[in-house]
Amino acid sequence: MALKGVFWSTIDKFFAQIVQFAIVIILARILMPADFGLIGMLSIFIVLSQTLVDSGLGTGLIQKKNRTDVDFSTVFVFNLVTSVFLYFLLFLSAPAIADFYELPQLVSLTRVLAINIIINSLAVVQYSKLTISVDFKTIAKVNIISVVLGGLIAVYFAYFGFGVWALVIQQITRSFISVLMFWFLSKWKPSVFFSKQSFKNLFDFGYKLLLARIYAQVLNNIYNIIIGKVYSSSELGYYTNAKNYSDITAGTITGILQQVTFPILASLQDDKKRLISVYSRIIRMTAFFVFPTMTLLALLADPFIRLVLTEKWLPAVVLLQWLSFARIVSPISSVNMNILNAVGRSDLFLKVDLSKLPLIVITLIITIPLGVKAMVIGNFIISIISFYINAYMPGKLFGYGALSQLKDILPVFISTVIMAFIVILTTFFMQNLYFKLIVGIFSGVISYLTISSILKMEELNELKSNFKKFISNN
């Protein structure tokens with residue numbers, strides 16, 4: 001089941017993100033950086049609202065051992081009522097948001113985009129149930145179809161001059177299609193039943209996770225707020241698109257591993273030996289994919305931006321490079337935090353997250369006056385230090401901390417460094433951007449796999465073995 005879960009989650013994340021990647025590229029060629037910047041200004045309000053809607057209850061359902069239909073119905077009712085309340089709150093707050101950024105068009109954008117909060121709340125339970133049963137095949141179908149249709153509709157409206165509204169339409173359409181499909185394909189149908197006791201039990205776990213997620217979302221979007229307020233919508237557009245590409249790449253791998261491993265790790269919480277064994281394998285496999293991928297993206301950022309997005313996006317090159325390096329260790333940090341939730345220690349999850357606040361505040365105070373590039377470099381420094389902070393508690397609980405993890409991923413680091421030198425050497429004197437991009441990708445992939453094979457890395461052998469098993473079983 002775990003192997004099939006990994007396969008379908010991989011299909012889901014990989015294909016959906018490839019499509020999303022292509023859609024963003026097409027939209028970026030049609031629209032202006034300022035259009036993406038306007039949506040970036042509102043992201044903090046939308047993601048915070050969606051975080052409050054779930055309140056960690058969806059994760060609580062996955063983590064809980066003995067779930068009942070009362071639990072699912074309780075979460076559904078709570079999600080729906082909370083989403084409606086938050087929508088009207090944002091509707092009334094729209095003029096204040098527009099005044100903050102001094103952009104009147106944000107009033108209507110906020111009121112329409114916020115509808116997404118209500119739509120998404122309708123499928124949280126269905127998604128949780130499918131995750132619990134490791135039915136990632138159904139989730140993959142929903143995500144892929146909704147991304148494709150939402151993207152195509154957005155491109156249509158962008159082509160006919162709808163500007164920023166094409167991005168709004170994309171998000172709402174994607175959410176609406178996914179909710180319809182989750183309801184149609186899921187065997188569970190909601191009842192209007194709310195249990196105070198069920199809510200209390202789930203919220204006792206979820207509220208710590210909720211606080212941690214609110215905190216994480218604020219920090220994740222604080223750059224959008226600052227850049228949008230201090231600089232301009234165009235500067236924010238460069239940043240958000242660079243962040244999108246780095247997040248899509250690293251986030252795809254992280255999403256696959258987190259989606260599949262959380263229910264698996266949760267099921268092993270009473271078997272410490274097996275838990276640590278699976279946990280260490282996840283860390284190594286994460287590094288095996290993320291390190292070379294993000295390094296390659298950073299090295300080839302210039303030809304990629306010039307060829308794919310056109311010259312109007314050139315200021316995003318240096319931002320994409322630094323954000324790619326910042327995302328190298330972020331997925332491993334996510335795994336380290338994920339295991340705390342899996343074993344029911346959401347309290348530690350919150351404490352670890354809060355411990356990074358002084359570092360982040362100090363870095364922002366120093367870099368904000370220096371420009372967007374300096375802020376992104378500061379983000380890279382934060383990500384490196386955060387790895388050690390995030391690995392501290394797992395090291396204390398399971399004896400597998402930062403030093404043990406670094407020792408395990410050392411072969412991956414060596415292979416990535418050698419790959420980087422080979423890519424630089426093979427592309428340095430190339431003037432043709434097409435050749436530079438193609439040769440860079442080809443030489444990077446071949447050299448990395450070759451070096452990994454020479455070093456006899458377990459991850460490569462495990463990948464081959466699992467692929468053969470899946471083929472033979474299907």
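**First stop: helix H17**

Select H17 and look at the face turned away from its buried side: that face carries the exposed residues Ile 362, Ile 365 and Ile 366. Here, exposed means over 50% relative accessible area, buried means under 20%, and partly exposed lies in between, with a 1.4 Å probe and protein chains only. Helices (H or I, at least four residues) and strands (E, at least two) are DSSP runs, numbered from the N terminus. Next, within residues 357-367, which form H17, select Ile 360, Thr 363, Leu 364 and Thr 367, which are buried. These four lie on the same side of H17, because they cover an arc of only 100° around the axis. The arc is that of the directions from the helix axis to the C-beta atoms. An α-helix has 3.6 residues a turn, so residues three or four places apart point the same way.

The model is predicted: local features need pLDDT of at least 70, side-chain atom pairs count only at pLDDT 80 or more, and totals for chains, interfaces and linings use all residues. Residues are numbered from 1 along each chain as its sequence is written, and side-chain values use heavy atoms, with hydrogens and water left out.

**Second stop: the whole chain**

Now display the whole protein chain, which has 21 helices and 0 strands. Of its 474 residues, 53% are buried. The chain exposes about 21,200 Å², and 70% of that area is supplied by carbon and sulfur atoms; accessible areas come from the Shrake-Rupley method with a 1.4 Å probe, and for residues only the protein chains shown count as cover. Among contacts between residues at least 6 apart in sequence, 83% join residues at least 24 apart. Contact means heavy atoms within 4.5 Å.

Select Phe 291, Ile 328, Val 329, Phe 413 and Val 417, which are the closest to the centre of the second largest pocket among the 17 residues that line it. The volume of this pocket is about 370 Å³. On a 1 Å grid over the protein atoms alone, a pocket is an open set of points where a 1.4 Å probe fits, with protein on both sides within 12 Å along at least five of seven lines; lining residues have an atom within 4 Å of a point. Grid points are joined across faces, edges and corners, and a volume is the space filled by probe spheres set on the points.

Which helices each supply at least two residues of this lining? They are H12 (272-299), H18 (372-398) and H19 (402-427). The largest share, 8 residues, comes from H19. By class, the lining has 15 nonpolar, 2 polar and no charged residues. Ala, Val, Leu, Ile, Met, Phe, Trp, Tyr, Cys and Pro count as nonpolar, Asp, Glu, Lys and Arg as charged, and the others, Gly among them, as polar.

On H19, select Thr 416, which counts as buried at 5% relative accessibility. Leaving aside neighbours within four places in sequence, Thr 416 is in contact with Phe 291, Pro 292, Thr 295 and Tyr 448.

Move to Thr 293 in H12; this residue counts as partly exposed, at 30% relative accessibility. Thr 293 and Ile 328 are 35 residues apart in sequence, and their C-alpha atoms are 8.5 Å apart in space.

In H18, select Met 393, which is buried at 14% relative accessibility. Beyond neighbours within four places in sequence, Met 393 is in contact with Leu 340, Leu 348 and Val 352.

Select Glu 102 in the loop between H4 (69-101) and H5 (106-113). Its phi is near 60°, a positive value in a residue other than glycine. Most residues other than glycine have a negative phi. Glu 102 counts as exposed, at 63% relative accessibility.

Then select Thr 310, in the loop between H13 (301-309) and H14 (316-326). The phi of Thr 310 is also positive, near 80°, and this residue is partly exposed, with a relative accessible area of 24%.

**Last stop: helix H9**

Finally, select Ala 166 in H9 (residues 164-185). Is Ala 166 buried or exposed? At 0% relative accessibility, Ala 166 counts as buried. Leaving aside neighbours within four places in sequence, Ala 166 is in contact with Ala 154, Phe 157 and Ala 158.
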